[in-house]
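Please keep the model in view as I speak.

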Amino acid sequence: MGGFVNRLLRVAPGEWPKLAQFGLLGFLLQMGLGIGFSAGDAAFLAHAGADRLALIFMMTPAIMLIYTAAFSYLMVRFSIDRVIDATIALLVVGGLLSYAVLGLDLPAHWQLPVYIGLKLYLAMWYIALYTQFWNYTDGYFAIQDGKRLFPLLAAATALGMTCGGLIVSQFAGTVSLRGFFLIWAGIAAITFPVALGLRRRWTRIADSEVAQGDESVGRQIGQVVDTFRTSRYTLVLTLILFVTLLMTNLAEFQYSDMFEQGRSEAELASLLGSLYAAANIFNVIICLFVFNRLVGRIGVRNVALIMPLSYFAAFGFLFVTGSFEGALAAFFAYHGILTSIEYNNQNLLFNAVPAETKRPVRTIVEGLAEPLASFIAGGFLLVYAGRTDVRDLSGLGVILGLVLLLVVIMLRQLYPAAMARNMRSMLLDFGKGRGIAPAADTTGATDTDALLEQLRSQDRAVRAEAIALLSAGRDLEALPRILDRASWLSPADRHDVETMIIGWGDTAIPRLVSAMPDRTFRYRGRAMAARALARLSYPLFASRLDALVRAELERAEPRFALAEALEAVPDQTRATRLLARLQRQLIGKGTDFVIELLALGGRLPDFDLLIVSLHSKNPKVRGNAIETIENGVDRATFRLLKGLLDDRPPGIPAGPARLLEMLEDRLASPDPLELVAAAQAIRDLVPPGELGAKLRKALRPDLYPLERADLATLLGLPGAGARTMVDKIDAIAAFPDFAAASIDVQARLAIKLRDRPSDQDVRAVDVDGVTLWLSNAYARDLACRNVDLALAMYRASDDRAYAA
């Protein structure tokens, strides 16, 4: 049953405790607000009337200006934790003061100011509690987790509003309106220990991998100003929130005017309580079962279209009918669609606002820009509401709906680039290649096979000279060997080789086309071929892109299955361990290759930036990268990619017979190491008498010498060596400074093991009781050309916490 609920709500088992605590916080905050809003709105309409709403709309910006200035200062001066504490304390005090003031026997001329003040108080908390809860919650979830879990938290807040509305609806005849504010104060008091326990248990996620020190209020204000000046996305998002609130105020004015007609204070409280409860039951259903699937199906950008279309439809219905049902449609567009879909989607849209100013920008936008819309709406209604009827105002709503739709369409176009910019700002900049070496004197040039050997040199100048001579030689037949050898070069050398190939022109295209999908090449070599082809003939590259991407992604599932089956073997051997690890590394390399292809095809932004972000340990950085990918590729491709990027829950491993079948399939692999590891795993798992028959399909004429030698060792043929490449790699991986390197790099080191020391700077490597020797100079040179080895060696030599 638990598994069914997890799948239905898309929650991982370990996420429930965190989700429950944040959900309880949102539930309590919104239940109190629901009680206060239902009771306060009824009191305002009964004592002040709907025609005073225009004044409320105009006065709201002044209240929010004070709130925004105070809380923006507090968020910069202190932490958001302290701001939450102050908010809860103010809710308690405000509830008690409201209870006291509404119970006073005030003169008649004080009645109207008191109820206007009450309505302004409620309007402030309606905006403030929403902003603060989501600002606070956003710090604990990455965007990809937020897309799954924020709707559930929104459901908890909607359930809180529902309970608050039902409490007022059910007890409006027995509890005085002022008594409901006392209940609100009590609920706020209960909320404080919940907030305290939450931050003690869970750790906030940093917005960036770049350390940020304390900044002054003035500096942050300057950054916010710069954000509005340089980020078109932020400006358009602000405009959307502005127009949405104009329409929201217009909708509230129209339905309030219709609801108050012919109803007493208690009847209004009962009606509004019932409507708030019904709207929030709808919100709970949408948040629990619809929103996360909707945003997963059509994406954040397309979900943004729902609100303008909903308001357009509601105002259109009210314009045509002018009825109570039309008012209900406007009410549910506001308290239903806006709350359950638009507000949830805004939480995701704010992730594309520059990360360094996202929170202050959101506080200012929701605390000032939205109330400014209230001021404009209020001024308009104060002047024109008495001169127009309900249909004229509804016609204006229809026009604003069309304007909002056009602005949202503009936002859809800006969103992917804004996410990419955000991702870039979260990481350090990357250097470029050093460029092709100057042309060398070709006098006495040697043949291509010799030049390829020079690419192995540890001397950078020798490698540069070899590349220059290869460029001058234009030996197209050697291009496959060049790509293979270049895959072990440094990034700068690979850049030079790519420049060389591009310089050969169209004559290189046929061989590049054949190299891209060829699995006998390492992924680095295939990526070099893809980059060169995209430069030489982009239409040809684009015509092969989709088929190549899909073939590479579909290759991942068999690798997953084999890795899980090997990991489930009760008695692990070095071959089963290594082959399982190799499968997972191949999945990762294949995924990186696909992302690079998509970036070359113009569907994704900067590849290097994306890859670094995807491999980041910061969930927010990684989540933003996944969001960028989702908005750049079609849904089918993203679903395949998402399955590789997300942590995959363990499946049911294959049985022994199926495992052997999968291992035998790997005997046909073009990857020498995969073939040898599969053969050795078979040797470890089957009776000796069956080994020869099992390994027969591995024997083919195109085997490398290394593969032939290791198969001879496994079969126990006369004259064969005692150790395989798998044995040597296992010994290499036992060294702390090599353990975290990729298997490719470990294999490269294993190939360089010698029976005797080659120089004085060597290390002894024990392989099953036999001492072999590895040159430390070679290991350092290999680290210069392979960042994963460099990082592994650095982390092993540096015991500081951040180095790990």
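Predicted model: local features only at pLDDT ≥ 70, side-chain atom pairs only at ≥ 80, totals over all residues.

Let us begin with the second largest pocket, whose lining comprises 14 nonpolar, 10 polar and 18 charged residues. In total, 42 residues line the second largest pocket. Those lying nearest its centre are Arg10, Arg148, Lys642, Asp646 and Asp647. The space within the second largest pocket amounts to about 1,500 Å³.

Which helices each supply at least two residues of this lining? They are α1 (2-9), α6 (143-171), α10 (265-303), α25 (619-630) and α26 (635-645). The largest share comes from α26, which contributes six residues to the lining of the second largest pocket.

I now turn to the chain as a whole. The protein chain has 804 residues, and 55% of them count as buried. Its secondary structure consists of 35 helices and two strands. Taken along the principal axes, the C-alpha atoms fill a box of roughly 110 × 55 × 50 Å. Consider next the contacts in the chain with a separation of 6 or more: 78% of these are accounted for by residues 24 or more positions apart.

Next, a pair of helices. Helix α23 covers residues 574-600 and helix α33 covers residues 743-751; the two pack with their axes 10 Å apart, at an angle of about 125°.

Gly378 lies in helix α13, which spans residues 358-384. Is Gly378 buried or exposed? Its relative accessible area is 0%, so Gly378 is buried. Leaving aside neighbours within four places in sequence, Gly378 is in contact with Ala54, Phe57 and Met58. To give a sense of scale, Gly378 and Leu699 are 321 residues apart along the chain, and their C-alpha atoms are separated by 84 Å.

Not counting residues up to four places away in sequence, Ala486 touches Arg494, Val497 and Met528. Between the C-alpha atoms of Ala486 and Leu112 the separation is 81 Å, and the two residues lie 374 residues apart along the chain.

Asp546 counts as partly exposed because its relative accessibility is 45%. Ala542, with a relative accessible area of 29%, is also partly exposed. How far apart in space are Asp546 and Thr637, C-alpha to C-alpha? The distance is 9.1 Å, although the two residues are 91 residues apart in sequence. For Ala542 and Asp671, which are 129 residues apart along the chain, the C-alpha atoms are separated by 27 Å.

Most residues other than glycine have a negative phi. Which phi value does Arg474 have? Its phi is near 50°, a positive value in a residue other than glycine. Arg474 is placed in the loop between α16 (460-473) and α17 (479-486). With a relative accessible area of 42%, Arg474 is partly exposed.

Asp768 likewise has a positive phi, near 55°. Where is Asp768 found? Its place is the loop between β1 (762-767) and β2 (770-775). Asp768 is partly exposed, at a relative accessible area of 48%.

That concludes my presentation, and I thank you for your attention.

Conventions
Residues numbered from 1 in each chain as written. Heavy atoms only, no water. 1 Å grid on protein atoms, 1.4 Å probe; cavity = no way out; pocket = protein on both sides within 12 Å on 5 of 7 lines; lining within 4 Å. Points joined across faces, edges and corners; volume = space filled by probe spheres on them. Helix = DSSP H or I, 4+ residues; strand = E, 2+ residues; numbered from the N terminus. Nonpolar A, V, L, I, M, F, W, Y, C, P; charged D, E, K, R; others polar. Axes fitted to C-alpha atoms, helices over the stretch in contact; angles between N-to-C directions. Buried < 20%, exposed > 50% of the residue type's maximum accessible area, 1.4 Å probe, protein only. Contact = heavy atoms within 4.5 Å.
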